[in-house]
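Please read them with the structure open.

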Amino acid sequence: MLLLHPRPLATPAAALGFEPAVRIPPPRRRRRGRPPLRPLASASASAYGVVNADDDAFTRCSGYLFEEGAATERELPTAYDVRVIGAVYRRRPLLVLRRSLQIGTSFGRWFALRYLDRVNERSDDMFEVRAAQLRRILLELGPAFVKIAQAVSSRPDVIPPAYLDELSLLQDRIAPFSTEVAFSIIEKELGLPLDMIFSEISPEPVAAASLGQVYQARLRSNGKIVAVKVQRPGVQAAISLDIYILRFLAGVARKAGKLNTDLQSFTLNTGKSHLMQEMDYTAEARNGLKFRELFGKFRDVLVPEMYIEQTRRRVLVMEWVEGEKLSEVRDQYLVEVGVYCSLSQLLEYGFYHADPHPGNLLRTVDGKLAYLDFGMMGTFRQELRDGFIEACLHLVNRDFDGLAKDFVTLGLLPPTAQKDEVTKALTGVFQNAVDRGVRNISFGDLSGNLGRTMYKFKFQIPSYFSLVIRSLAVLEGIAISFNPNYKVLSSSYPWIARKVLTDSSPKLRSTLQTLLYEDGSFQIDRLESLLTESLRARTEQSLSRNQQEDSDSSRFAIKQVLSFTLTEQGAFVKDLLLQEIAKGLDALGVATLSSATSAAASRLPFDVPFPSPSLDNEDATNLRNLYRLLLLLSKVPQKEDSSPKEGDTDEISLVLYQMRSLPEFLPVLSVIPELPPESQQQFLLLPADLTNRVLSRAFARTIRRIFM
């Protein structure tokens with residue numbers, strides 16, 4: 001829910017910044033009931049960002065849910081339980097029938113009008129009218145349908161502009177319910193008269209959304225300005241009933257269409273994870289506290305403080321945040337901050353904001369990214385995080401067989417799925433996208449293509465993954481709204497590359513080992529790609545509005561590579577590099593000895609059978625890899641066709657000649673004094689480590705020659 005804040009509260013002696021204001025006098029004694037509140041005649045709700053063009057359509061059209069559902073809400077479980085909810089509504093068949101008819105007739109009329117528009121060839125003329133009608137239908141049907149529309153409205157690349165404009169109004173500009181009712185809920189939940197809690201409170205909500213509305217107030221206990229969110233009455237009964245009906249319809253559609261996807265399970269998981277968890281504001285406050293602990297320390301990120309003591313199941317009190325919607329201020333830098341935070345949430349901590357639509361992201365007055373509304377949060381277990389990273393690596397490297405296995409690990413496909421058929425289908429879905437390069441892959445396109453193709457394999461979306469998809473797709477949609485070429489996967493992959501290179505997880509290290517040693521040979525191209533991408537990754541330390549790029553990009557890159565490999569996080573990669581360099585130096589020694597022996601023999605006037613070490617195919621490969629690794633570590637631009645290729649008749653001589661250009665590799669040494677002291681100490685240990693590795697290989701080679 002967005003908090004639209006035209007002006008902050010003034011000093012305690014003044015009003016809320018709006019004249020006249022509602023001022024609650026200090027309590028002389030505890031009174032029963034609500035204190036008298038003077039109406040605010042001159043201040044309209046629109047001044048607070050609340051739209052009055054529509055009345056409270058949900059209450060007007062679905063008010064019977066409150067009346068008939070009052071008893072129902074008392075019987076409903078606090079967490080989503082399909083058996084209990086089913087038992088509750090089976091005892092109320094008339095209520096279920098009435099709601100089903102309302103949903104069916106509302107959408108039925110709209111689709112009929114759209115059909116008539118096409119028949120009468122006036123679809124274009126009526127496009128905006130029908131979009132506005134659809135928004136009003138969603139408002140009338142209530143929170144469950146509004147939430148679906150909010151997710152869709154963040155995808156400008158998916159829906160037409162007219163519908164985008166209308167559905168975007170559902171993110172934060174929804175008509176509020178009665179303030180009298182809201183104040184009664186506050187007093188009932190907190191068990192105190194309003195004047196015992198707040199010294200001032202706005203007479204009308206400053207923002208309203210599908211599940212609740214927000215008032216600006218001042219706490220009497222400490223004078224802090226706070227946002228008071230009050231839950232809309234009847235939403236739990238409405239959402240439970242709608243999900244019950246949608247789950248039934250999904251089952252009918254599955255049987256009628258003979259679909260191979262468990263729509264009932266998806267609907268159940270979506271309802272449980274997306275909506276029901278937002279009903280408990282005490283849980284949201286705990287989520288906010290945890291989110292603040294993890295991400296509130298980040299530069300340019302603001303997470304409001306939660307007031308647990310004043311929070312109840314239907315009332316939430318939190319720090320007031322002043323700002324503007326991120327989608328309106330078009331701040332590319334804050335989008336990058338949001339991408340970084342989302343990736344950290346997803347893959348580092350496994351706890352993430354699952355509903356980052358524009359109404360929940362603000363740019364504060366001091367230029368920070370503020371997260372609001374922590375009702376919809378997701379958790380990502382470690383094994384699933386590793387599986388997600390593996391899937392991204394397999395996708396980028398076109399390993400569709402590995403990707404099929406990842407889908408089973410992630411729970412997207414059952415273990416009984418035919419792997420060969422799945423691999424073939426995934427190749428058809430992703431091949432063209434990957435061929436365009438990772439920086440051109442749209443997360444939304446991949447999700448859509450995957451859904452259209454994989455249904456025949458009993459493809460399913462677990463509840464945890466539906467939240468992941470929503471979070472990433474919505475974030476990409478916000479960025480696309482002012483940068484059509486933005487791709488969230490392009491921003492994500494560098495972070496994923498850094499993660500797989502630095503993570504100590506045994507599973508990810510095994511994945512990296514398999515990726516770099518496919519078919520038993522070292523894949524230097526893949527290592528170079530991972531290192532290059534990881535250098536593009538923005539970190540919390542490197543995110544800065546005024547960040548200046550190093551004037552010497554090559555020198556900067558060298559410093560970054562060394563800084564990474566000489567730390568504890570880069571120890572695994574450093575070990576791989578030393579291992580391959582040792583192989584190359586060993587092969588170089590053999591090549592040099594072979595060349596020197598041949599040269600000495602050619603100078604003698606007679607033939608002498610000198611024992612000359614031979615260079616096999618493995619040595620030739622190791623020698624080529626050594627040259628390329630030195631180029632990589634020094635970031636020296638490689639001349640076209642200068643790298644020796646397998647099959648060259650004089651490739652050894654070519655490599656030896658090229659490696660004589662030692663000045664080209666000196667930049668590696670020149671940046672050492674600029675590294676941290678710990679990294680410099682690690683660098684000084686490298687020669688001894690490398691010497692031991694080379695001697696070990698030489699000794700092993702000698703032993704093999706003796707006993708072969």
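1. The largest nonpolar core has 120 residues, and Phe380, Phe430 and Leu530 touch the most other members. This is a predicted model, and the points below should be read with that in mind.

2. Phe380 is in contact with Leu346, Leu347, Gly350, Tyr352, Arg385, Phe388, Tyr464 and Val468, leaving aside its neighbours within four places in sequence. Another core, of 38 residues, lies apart from the largest one; Phe58, Leu170, Ala237 and Met276 are among its members.

3. On confidence, the mean pLDDT of the chain is 75, and 72% of the residues score at least 70. Among the elements, strand S6 (residues 315-319) has the highest mean, 96, while helix H11 (residues 263-275) has the lowest, 51.

4. Two stretches call for a separate remark. Residues 1-21 have a pLDDT below 50, yet the model gives this stretch 80 contacts beyond near neighbours in sequence. Over residues 636-642 the pLDDT also stays under 50, with seven contacts beyond four places in sequence.

5. Asp300, in the loop between helix H12 (281-295) and strand S5 (301-302), has a positive phi, near 65°, and is not a glycine. Asp300 counts as buried because its relative accessible area is 15%, under the 20% cut-off.

6. Asp373 is a further non-glycine residue with a positive phi, about 60°. Its place is the loop between strand S10 (369-371) and strand S11 (377-379). With a relative accessibility of 9%, Asp373 is buried.

Notes
Residues are numbered from 1 along each chain as its sequence is written. This is a predicted model: local features need pLDDT of at least 70, side-chain atom pairs count only at pLDDT 80 or more; totals for chains, interfaces and linings use all residues. Side-chain values use heavy atoms; hydrogens and water are left out. Helices (H or I, at least four residues) and strands (E, at least two) are DSSP runs, numbered from the N terminus. Buried means under 20% relative accessible area, exposed over 50%, partly exposed in between (1.4 Å probe, protein chains only). A nonpolar core is a set of buried Ala, Val, Leu, Ile, Met, Phe, Trp, Tyr and Cys residues joined through side-chain atoms within 4.5 Å. Contact means heavy atoms within 4.5 Å. pLDDT is the predictor's confidence in each residue, from 0 to 100.
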